[in-house]
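This briefing is meant for someone meeting the structure for the first time. Please look over the sequence and the model below before reading on.

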Amino acid sequence: MIYFNNVTKKYDDDNPSLEDINISIAAGEFVSIVGHSGAGKTTLTKLILAEEYPTDGSVYFESTDIHKLSKNELTNFRRKVGIVFQDFRLLPNKTAYENIAFAMEATGKSDEEIAEDVPHVLELVDLSNKANHFPHQLSGGEKQRLAIARAIITQPELIIADEPTGNLDPINTNEVVNILKKINDLGTTVLLTTHNRSVIDQVNKRVITLENGRVIRDDKDGKYMI
Amino acid sequence: MFITDTKRIIRSGYRSFMRSGFTSIASILIMTITLFVIVSLIFIQTTLNTALTDIKEKVDVTVYFVPNASEDSIQNIKVALEKLPEVKDVSYTSSEEALATFKERHANDYLTLQALDELNDNPLGASLNVKAKDPSQYESISKYFENDSALTLGSLSIVDKIDYHQNKVVIDRLNSIINGAQRLGFAISLVLIIISIIITFSTVRLIIYMSREEISVMRLVGAGSKYIRGPFIVSGILVGIMASIVTTIILFPISIWLGNQMTDFIGINLFTYYKANFVQLFIIMLGSGIILGVISSIFAINRYLRK
């Protein structure tokens, strides 16, 4: 589904953030990418979303080169990808309900679909009673569950979770990982980046280890190795 | 699809406008200042124009005739003058009227009156008071007298004197002041309007800059450019509408005060003017508010919509 083809990304001339990356991720996989801060995890996700462009090489989604898409095609492509960030990135002026509804509105869903699906997904992440709260009225764990709800509402083919548990305590971390596993069980591909050992051990799926911008390990059912 | 999108964009813009609280109030205030400057300049221009018209009204040229000129020939000249395209108005003062005015003016000046009594004849001639449509035309009117042979009575001119030559310096200076004032007024207006527009632009830009995270999230969630830009434009329109309403309200007490206190000084009652032109002024404010809001929003947000 996602193919990295000899990808190199340099923010400055001397120190490549990513160097010569070759990864392929199949549909339905749950892939964890681990590494220290600065290993290149976030750059990797930014390349997939075309927030950054590779210095060399190319990234494919199915058979299309993501970085050759036009602005409109890119908008359409992004609708197939759900994203969860470490810092949640919710819309501060919208309630929990509206944050989720916005993603559906943006993709042109009808009012009826929105009215039907949003309560359902709020229930899935256990936020039904907080539908009218604004993000600043929610706890960290609740915000991240809301972000996940927003990511999955459009039924994307791929979920990218960039350090989703970075700001959470162990109990909330546990919950978030369980929700991601549940989503994966329902058939969605999940790409998770983390540096949290217990998260990797809990997931117990494929682990790719990055160090200084290079892939140093790619284990089928990996443990946290660094 | 289009209708649903439009509805959603308007609702979203309205909500973010209402929920942004302080930010919205700040941009309304800035926009109010801009609109206030625009309307004040309209007021000032009106005042200036009224003052200039007043002054122009006061400028005239008087043609004095010799005392023995016949009234018929003067009336002929009056008719001829009235036919000139530059002439707005001609009024005739007979020598008796001139004498009466003179006596009245010197009612306390016993010596002068006594001297006048010593003369048996009325020493004052009749006169024609000529008003031109534009102060710059007095010169050509006075030339008319110098060239026209109909004005001569035999070999002697019936025209005693034309006070244009005495007034020439004043009239010329007045002309250049009027032109200068109009040009200066226009230049100052232009500069002030540009300054306040730049301030509005910067404010809107700052406000949208604060939303750049939000914009990037919207993009990542898969919202198209139009869908992101729309609500900001709606907010801009709302700011424009609110600011024009606030300005309209603020202008009431100000124009009442100006009307009560300053009418004599500036020569026009601005409250009466405000009431009389209320609809036009409101439309000007509303229009410039909305246009400013929309254009500044579009400019500011396009920065963040490029890939």
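The model is predicted, and much of what follows concerns chain A, which holds seven helices and ten strands. The radius of gyration of chain A is 17 Å, close to the 17 Å that the globule rule gives for 226 residues, so chain A is as compact as a globular protein of that length.

**Overall build of chain A**

- Taken along the principal axes, the box filled by the C-alpha atoms of chain A is roughly 50 × 40 × 30 Å.
- Of the 226 residues in chain A, 45% are buried.
- When contacts in chain A between residues at least 6 apart in sequence are considered, 65% of them join residues at least 24 apart.

**The six-stranded sheet of chain A**

- Six strands of chain A form an open sheet in the order 6-7-8-3-9-10, and their pairing is mixed.
- Strand 6 (81-85) and strand 10 (214-219) of chain A stand at the edges with a single partner strand each, so one side of each has no neighbour in the sheet.
- On average, and with direction ignored, neighbouring strands of this sheet are turned by 15 degrees against each other.
- Within this sheet, strand 7 (residues 158-162) and strand 8 (residues 189-194) of chain A run parallel and are joined by five bridges, and A:Ile159 stands opposite A:Val190 in strand 8 of chain A.
- Helix 1 (residues 41-48) of chain A packs on this sheet, where it touches strand 3 (30-34), strand 7, strand 8 and strand 9 (206-211) of chain A, and the direction of the helix makes about 150 degrees with that of strand 7 of chain A.

**The four-stranded sheet of chain A**

- Four strands of chain A form an open sheet in the order 2-1-4-5, with antiparallel pairing.
- Strand 2 and strand 5 (64-65) of chain A are at the edges of this sheet, and each has a single partner strand, so one side of each is left without a neighbour.
- Two bridges connect strand 4 and strand 5 of chain A, which run antiparallel, and A:Phe61 stands opposite A:Thr64 in strand 5 of chain A.
- Helix 1 of chain A packs on this sheet as well, touching strand 1, strand 2 and strand 4 of chain A, and its direction makes about 120 degrees with that of strand 1 of chain A.
- Strand 1 (residues 2-10) and strand 4 (residues 56-61) of chain A pair in the antiparallel sense over five bridges, with A:Tyr3 opposite A:Tyr60 in strand 4 of chain A.
- Strand 1 also pairs in the antiparallel sense with strand 2 (residues 16-25) of chain A, over six bridges, and in this pairing A:Lys9 stands opposite A:Leu18 in strand 2 of chain A.
- Strand 1 and strand 2 of chain A form a hairpin, with five residues between them.

**Helix 1 of chain A**

- Helix 1 of chain A is mostly covered, since six of its eight residues are buried, namely A:Lys41, A:Thr43, A:Leu44, A:Thr45, A:Leu47 and A:Ile48.
- A:Ala50, which follows helix 1 of chain A, has a positive phi near 60 degrees.

**The contact between chain A and chain B**

- Chain B gives 16 residues to the contact and chain A gives 18 residues.
- On the side of chain B that touches chain A, the elements giving two or more residues are helix 1 (2-19) and helix 8 (212-220) of chain B, and helix 8 of chain B supplies the largest share, five residues.
- By class, this side of chain B consists of seven nonpolar, four polar and five charged residues.

- Helix 2 and helix 9 (residues 225-266) of chain B pack at an angle of about 35 degrees with their axes 8 Å apart, and their crossing is right-handed.
- Residues that make this contact include B:Ile28, B:Met31 and B:Leu35 of helix 2 of chain B, together with B:Val239, B:Met242 and B:Ile250 of helix 9 of chain B.
- The residues of the contact between helix 2 and helix 9 of chain B divide into twelve nonpolar, seven polar and no charged.
- B:Phe43 lies in helix 2 (residues 22-58) of chain B, and B:Phe43 counts as buried because it has 20 C-beta neighbours inside 10 Å.
- The C-alpha atoms of B:Phe43 and B:Phe282 are separated by 13 Å, although the two residues are 239 residues apart along the chain.

Technical notes
Residues numbered from 1 in each chain as written. Chains lettered and ligands numbered in written order. Predicted model: local features only at pLDDT ≥ 70, side-chain atom pairs only at ≥ 80, totals over all residues. Pairing = 2+ DSSP bridges. Axes fitted to C-alpha atoms, helices over the stretch in contact; angles between N-to-C directions. Contact = placed C-beta atoms within 7 Å. Rg over C-alpha atoms; globule rule 2.2 N^0.38 Å. Buried ≥ 20, exposed ≤ 12 C-beta atoms within 10 Å, placed from the backbone. Nonpolar A, V, L, I, M, F, W, Y, C, P; charged D, E, K, R; others polar. Left-handed = near helix turned anticlockwise from the far one by under 90°.
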